Amino acid sequence: MLLCVNSHHQPWNSTLPTLILLPNCKTSNDVNQIHARLLTTGFIRNDFLTTKIILNFISSPHAHLVEFARHVFFTRHAFRVRRKQEDPFLWNAVMKSYSHGREPKQALAMLCLMLENGVFVDKFTFSLVLKACSRVGLVKEGMQIHGLLKKMEFGLDVFLQNCLIWWYLRSGFVEIARQVFDRMPKRDSVSYNSMIDGYVKCGMIKSARNLFDCMPVEEKNLISWNSMISGYARSKDGLDVAWELFEKMPARDLVSWNTMIDGCVKHGKIENAHRLFNQMPKRDVVSWANMIDGYAKLSSIDAARSLFDGMPERDVVACNAMMAGYVQNGYCMEAVKIFHDMLSKSEMLPDATTLLIVLSAIAQLGHIEKGISIHHYIEENGFSLNGKLGVALIDMYSKCGSIGNAKSVFENIEEKSIDHWNAMIGGLAIHGLGELAFDLFMEMEKFCVKPDDITFIGVLNACGHAGLVKEGLICFDLMRRVHKVQPKLQHYGCMIDMFGRSGQIEEARALIEEMPIEPNDVIWRTLLGACKNQENFNIGEPIANSLIRLDYNNPSSYVLLSNIYAGQGMWNEVSRVRMMMKERNLKKTPGCSWIELEGTVHEFFVHDKSHPQVTEIYSMLDSLWIPNSGASYCQS
């Protein structure tokens with residue numbers, strides 16, 4: 001706790017005691033004490049002290065300190081009489097708190113204020129405004145800044161021109177960025193590297209290479225080489241070219257090695273990646289995380305864990321890589337365990353990515369209690385739900401069976417994106433609440449939220465499961481005619497499933513025949529499943545036989561055909577299909593159920609006897625069996 005007391009060694013009219021207190025100021029109470037001292041001593045009028053306060057507080061991670069710095073600036077400094085062309089460093093410091101903070105648009109308002117009040121602006125002022133424009137997508141305003149710079153004496157400064165290139169690239173205007181680059185009277189390595197990096201990120205690898213080859217030798221540096229290696233390593237057939245550049249580059253750093261390892265991992269060349277990993281003169285956490293990720297993607301989870309255990313030091317990135325690997329391979333409990341290990345170590349706090357991964361794990365496990373616990377952690381630590389974290393939380397609650405909690409999270413999110421709406425609609429669909437999903441879809445229009453292709457998959461799926469054929473047809477029509485979203489295979493699959501569930505087999509087949517894209521095996525298998533359920537032998541049998549010819553290793557087509565024959569009492573055909581499966585060594589994927597008991601999720605397959613308490617379970621089932629019911633629970 002900060003205490004502003006008079007020092008026996010310093011006179012009351014000295015600013016030194018206040019200056020000494022500034023670095024220790026953290027809480028709103030501390031700010032109030034500083035403010036009170038300034039007012040009671042009259043130091044609020046001391047330009048030297050107030051400038052020190054602004055510079056000390058304006059870049060603080062504590063919001064109340066930043067707000068106080070802004071208050072002091074606008075009340076004591078912003079509108080005082082100033083010398084001609086006075087250095088605007090204090091204005092720039094405050095502007096940076098906006099451009100790099102939570103209110104980027106206010107940086108543009110500050111620029112307008114400076115120009116209206118005759119405050120001198122410099123190149124750093126404009127660089128901060130361009131940063132703000134890029135963060136919130138202010139394209140029109142950014143172009144106005146470009147026009148204003150043309151009227152300024154320092155408008156052609158290399159630093160500012162580089163800022164313009166960077167802004168245009170961030171805004172997606174690659175061609176205009178190139179025009180700025182070509183018109184520059186003087187360029188430096190930053191100019192070339194920004195343009196090369198922009199091309200690489202847009203997938204324009206040939207343009208990037210042409211510029212790289214034209215780049216003066218003295219301007220080429222590690223950033224130039226690494227950008228090109230990264231571009232080729234990510235491209236479909238570029239790994240060999242990346243190797244060539246890697247071998248040719250005059251010097252390498254950690255980024256060079258990690259980029260190559262990452263490229264090998266993405267192309268499935270884990271042996272090459274491990275060879276590079278062993279050759280590295282120095283490794284960092286990214287090196288280890290790339291290798292862990294590579295082995296996990298190849299389902300070599302033991303090798304990934306061995307690397308993880310062998311790390312000299314771990315950080316959040318490494319833990320996230322290991323957790324993601326576990327989740328990808330179905331080892332969700334292990335991912336949750338790493339999360340709890342992180343919580344027990346004060347130096348390794350989970351970040352937003354960690355929370356996304358652990359929520360995904362819990363969604364797969366159905367661990368509602370653990371999900372609620374993590375929700376509390378998110379709230380207590382001030383994580384925003386406006387982005388992916390809110391989407392993951394809605395999804396987790398939906399998959400854990402708590403649609404009420406999912407709805408509560410959704411309603412409390414202030415800035416909902418299309419992903420939040422999609423997650424909520426998808427959650428309602430999972431729970432068979434088709435009418436609510438359709439109503440939520442219609443509500444999007446009131447809030448001017450434009451649906452995307454995922455939205456329509458969710459709504460169509462919800463309508464299908466709830467038997468809302470009319471609403472589904474309305475949705476499908478709105479998608480094409482109003483929102484101009486081109487239907488994909490998934491949308492047609494939802495429509496065919498909807499028709500099939502409602503018994504409209506002929507309509508489902510007619511839609512397949514009208515599809516502008518080639519139906520895949522999933523589409524035909526959806527129709528086949530509907531034929532089985534509706535006992536439509538005439539349509540189902542030829543579809544099943546066609547599927548078996550196309551993909552004879554997929555057991556589901558055989559099972560559906562067998563069930564269709566069984567429904568018609570054609571037992572000889574049933575035996576023939578089952579014999580085909582036996583000859584081809586095909587087995588039906590067994591059904592699976594989960595149940596959570598006292599925080600532990602138990603998994604059961606059909607005829608499963610792997611559970612450690614299997615004897616007690618079957619004994620209990622046998623005790624529930626009712627004589628003369630015709631079946632035993634333990635055999636069902």
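K488 has a relative accessibility of 41%, so K488 counts as partly exposed (20% to 50%; buried is under 20% and exposed over 50%, with a 1.4 Å probe and protein chains only). This is a predicted model, in which local features need pLDDT of at least 70 and side-chain atom pairs count only at pLDDT 80 or more, while totals for chains, interfaces and linings use all residues. Residues are numbered from 1 along each chain as its sequence is written, and side-chain values use heavy atoms, leaving out hydrogens and water.

You will find K488 in the loop between helix 28 (469-481) and helix 29 (489-501); helices are DSSP runs of H or I with at least four residues, numbered from the N terminus. Leaving aside residues up to four places away in sequence, K488 touches D453 and I517, where contact means heavy atoms within 4.5 Å.

Now to a helix pair. W288, M291, I292, Y295 and A296 in helix 17 meet I301, A303, A304, L307, F308 and G310 in helix 18. The residues of this contact comprise 10 nonpolar, 1 polar and no charged (Ala, Val, Leu, Ile, Met, Phe, Trp, Tyr, Cys and Pro are nonpolar; Asp, Glu, Lys and Arg are charged; the others, Gly among them, are polar).

On to the cysteines: the structure holds 0 disulfides, a disulfide being a pair of cysteine sulfur atoms within 2.5 Å.

Key
Helix = DSSP H or I, 4+ residues; strand = E, 2+ residues; numbered from the N terminus.
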